[in-house]
Amino acid sequence: MANKASTLRQFQARFPTEDSCLEHLKQTRFGERHDCEKCDREAKFYRVKGRRSYACEHCGAQIYPTAGTPFDRTRTPLRDWFFVMFQFCTSRNGVAAKEVERQLGVTYKTAWRMCHMIREYMGAVDGDDFLGGAGTVVEIDETIMGGSISGKGSGYMGNKAVVVGIKERGGKLAMRVVDSRTRGPMEAHIHASIRPGTTISSDEFGSYRFLSQQGYRHITVSHKQGQRVGKFGATTNGIEGVWAALKRGINGTHVHVSAKHLPKYLAEFEYRHNMRHLPHLMLDRLMVSFSR
């Protein structure tokens, strides 16, 4: 099918050399011709031998396609960066730094840094747009990553964290680590993430009980009564399925993720989930999102 993700062979044919990767960056960010910032003339820029740069045909001013990207100021070949990005976009459960270390023959420190920078970049590309709107249903739920938390305490406890997930039915997903599950911080997070007029479907957790008074239609499912679907179609089955996939991916691929770096892993999972219907564009979207 046309919307399938690229295969490894297709990726290798598209980016066979270091020069092809740099040329792709240049074309993506600057195009074939553009106005030179130094001489203010439209120009074609030619590759500078021995550097990751191109020079203006008129004045020789140089542009650096990697500047401002995750690949800036790194000795790691662009082709290695592109390959790891390809893996992130084609894997269901994520990519472990140890696997990158083995495949590329780099140090674990380098592999770890590459993976975390790509996760941050995936989160930046995915963005923090508001979810929902009039006529839209979103499901909201919290889960604990790294262990159990008793009571209403803070989002972080040692190496444990509370994550709130908001999922549009049939649409986008947003996940964030929260500082507290108490009413104030939870409502502030909801107002910063969900448009007024949205129908919010949740369980009967106390921090959600006043949402119907704050511009939302609020429907609840009672898990204490054994309900999977409540009145008016209230359910959290969709977001609970996200938790199952997230934990399966982290436990199976990474074994352990610290609370400090958890937001990066959430951003990675969120990007793949939100692009799940367009897997053939997942890598390309990252490739064309570099700011100039």
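**View 1. Phe83 and Phe86 within helix H3 of the predicted model.** In this predicted model, Phe83 and Phe86 both belong to helix H3, where they are three residues apart, about one turn of the helix. Phe83 is buried, and Phe86 is buried as well. A search of the whole structure finds eight aromatic pairs. For Phe11 and Phe83, the ring centres are 6.2 Å apart and the planes meet at 45°, so this pair is tilted. Phe11 is part of helix H1 (residues 8–14) whereas Phe83 is part of helix H3, so their contact ties together parts that are 72 residues apart in sequence. The relative accessible area of Phe83 is 18%, so this residue is buried, and Phe11, at 5% relative accessibility, likewise counts as buried. Between Phe83 and Phe86, the ring centres are 6.5 Å apart and the planes lie at 25°, so that pair is stacked. Ring pairs link Phe11, Phe15, Phe71, Trp81, Phe82, Phe83 and Phe86 into a cluster.

**View 2. The open sheet formed by strands E1 to E4.** Four strands, in the order E1-E2-E3-E4, make up an open sheet with antiparallel pairing. Its edge strands are E1 and strand E4 (62–63), each of which pairs on one side only. Strand E1 (residues 33–35) pairs with strand E2 (residues 42–47) over three bridges in the antiparallel sense, and here His34 stands opposite Ala43 in E2. Strand E2 also pairs with strand E3 (residues 54–56), again antiparallel and over three bridges; the bridge partner of Tyr46 is Ala55 in E3, and that of Arg47 is Tyr54 in E3.

**View 3. The two hairpin turns, and a charge over a ring.** The hairpin of E1 and E2 has six residues between its strands, and Asp40 in the turn has a positive phi of about 60°. In the hairpin of E2 and E3, six residues also lie between the strands, and Gly50 takes a positive phi near 85°. The charged end of Lys44 sits over the ring of Tyr46, at 5.8 Å from the ring centre.

**View 4. Cysteines without a disulfide partner.** The structure holds zero disulfides. For Cys39, which is in no disulfide, the nearest cysteine sulfur is that of Cys36, 3.7 Å away, whereas a disulfide would require the two sulfur atoms to be within 2.5 Å. Cys59 is also in no disulfide, and its nearest cysteine sulfur, that of Cys36, is 3.6 Å away. Cys39 is partly exposed, with a relative accessible area of 23%, and Cys59, at 30% relative accessibility, also counts as partly exposed.

View 5. Most residues other than glycine have a negative phi. Arg73, however, has a phi near 55°, a positive value in a residue other than glycine. Its place is in the loop between E4 and helix H3 (78–90), and with a relative accessible area of 79% Arg73 is exposed. Phe232 is not a glycine either, yet has a positive phi of about 60°; this residue is found in the loop between strand E10 (217–220) and helix H7 (237–254). At 67% relative accessibility, Phe232 counts as exposed, and the charged end of Arg217 sits over the ring of Phe232, 5.4 Å from its centre.

Terms used: Residues are numbered from 1 along each chain as its sequence is written. This is a predicted model: local features need pLDDT of at least 70, side-chain atom pairs count only at pLDDT 80 or more; totals for chains, interfaces and linings use all residues. Side-chain values use heavy atoms; hydrogens and water are left out. Buried means under 20% relative accessible area, exposed over 50%, partly exposed in between (1.4 Å probe, protein chains only). Two strands pair if DSSP finds at least two bridges between them. Rings of Phe, Tyr and Trp (its six-membered ring) pair if their centres lie within 6.5 Å; planes under 30 degrees apart count as stacked, over 60 as edge-to-face and the rest as tilted. A charge sits over a ring if NZ of Lys or CZ of Arg is within 6 Å of the ring centre and within 35 degrees of the ring normal.
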